[in-house]
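Please consult both while reading the points below.

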Amino acid sequence: ALASAVSVMVAAVPEGLPLVATLAQQAAAGRLSDKAVLVRNPHSVEAFARLDVVCFDKTGTLSENHLRVRSVHPMSGRTDSDVLTTAARTTFARAGHRAQHATDQAIREAVEGDRRQFDQDVDGRDAFLPFQSDRPFAAALKGKTIAVKGAPETLSAAVADGGGAFGGLVADMGERGLRVLAVAERH
């Protein structure tokens, strides 16, 4: 009966259609908010009506569009600051600008210390190899020191003992849903 009444109302007053559509979207947004779903734009409810599955990640990259460094696990003899500084040398960014890759920006934000010194380190590199989808690492050469950051399985293959020392740690972090990067430095 309600559907028939709405149909008669829209047919009688065609200008009422936008009002009815807006009211229906607002009502749907209200019902979704009861289920802990925040709807910023009621018109987006129409698009959600066509979906069967919506996936969200627990890292916040889809919902917040922002990556963060959650934890750093240095090997013996190194500090968190050493690891972050080495990783920062491999970032792809110009001094004073945001990094072009979200991972690089997260590393830059996590680096403690003088931003000017960081920019000098990045600008003073002798060579740089940026991350690409077909090459799962980035590298930078400054003087006689090379810094590499990338997929743990790629970097562990280059280590003399096959990366056995941190294999368990990488697996544990991966099981917790963290995006894991390995960082290495060689003089």
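The structure is a predicted model. Its secondary structure amounts to eight helices and four strands, and 26% of the 187 residues count as buried.

**Overall make-up**

- In sequence order, the elements follow the pattern α-α-α-α-α-α-β-β-β-α-α-β.
- Among contacts in the protein with a separation of 6 or more, 45% are between residues 24 or more positions apart.
- The protein exposes about 12900 Å², and carbon and sulfur atoms supply 57% of that area.

**Strand pairing**

- Strand E1 (residues 127-129) and strand E2 (residues 137-142) run antiparallel and are joined by three bridges.
- Within this pairing, Ala127 has Leu141 of E2 as its bridge partner.
- E2 is also joined to strand E3 (residues 145-150), through six bridges and again in an antiparallel arrangement.
- At this second pairing, Lys142 stands opposite Thr145 in E3.
- E2 and E3 form a hairpin with two residues between the strands. Gly143, in the turn, has a positive phi of about 65°.

**Nonpolar core**

- The largest nonpolar core consists of six residues, namely Val72, Leu84, Ala87, Ala88, Ile107 and Val111.
- Helix H4 (residues 80-89) gives the most to this core, with three residues.
- In soluble globular proteins, nonpolar side chains tend to be buried together.
- Which residues does Ala87 contact, leaving aside its neighbours within four places in sequence? Ala87 is in contact with Ile107, Lys149 and Val183.

**Ala102 in helix H5**

- Ala102 lies in helix H5, which spans residues 102-110.
- Is Ala102 buried, partly exposed or exposed? Ala102 counts as partly exposed because its relative accessibility is 45%, a value between the 20% limit for buried and the 50% limit for exposed residues.
- The C-alpha atoms of Ala102 and His66 are separated by 7.1 Å, although the two residues are 36 residues apart along the chain.

How values were computed
Residues are numbered from 1 along each chain as its sequence is written. This is a predicted model: local features need pLDDT of at least 70, side-chain atom pairs count only at pLDDT 80 or more; totals for chains, interfaces and linings use all residues. Side-chain values use heavy atoms; hydrogens and water are left out. Buried means under 20% relative accessible area, exposed over 50%, partly exposed in between (1.4 Å probe, protein chains only). Contact means heavy atoms within 4.5 Å. Accessible areas come from the Shrake-Rupley method with a 1.4 Å probe; for residues, only the protein chains shown count as cover. Two strands pair if DSSP finds at least two bridges between them. A nonpolar core is a set of buried Ala, Val, Leu, Ile, Met, Phe, Trp, Tyr and Cys residues joined through side-chain atoms within 4.5 Å.
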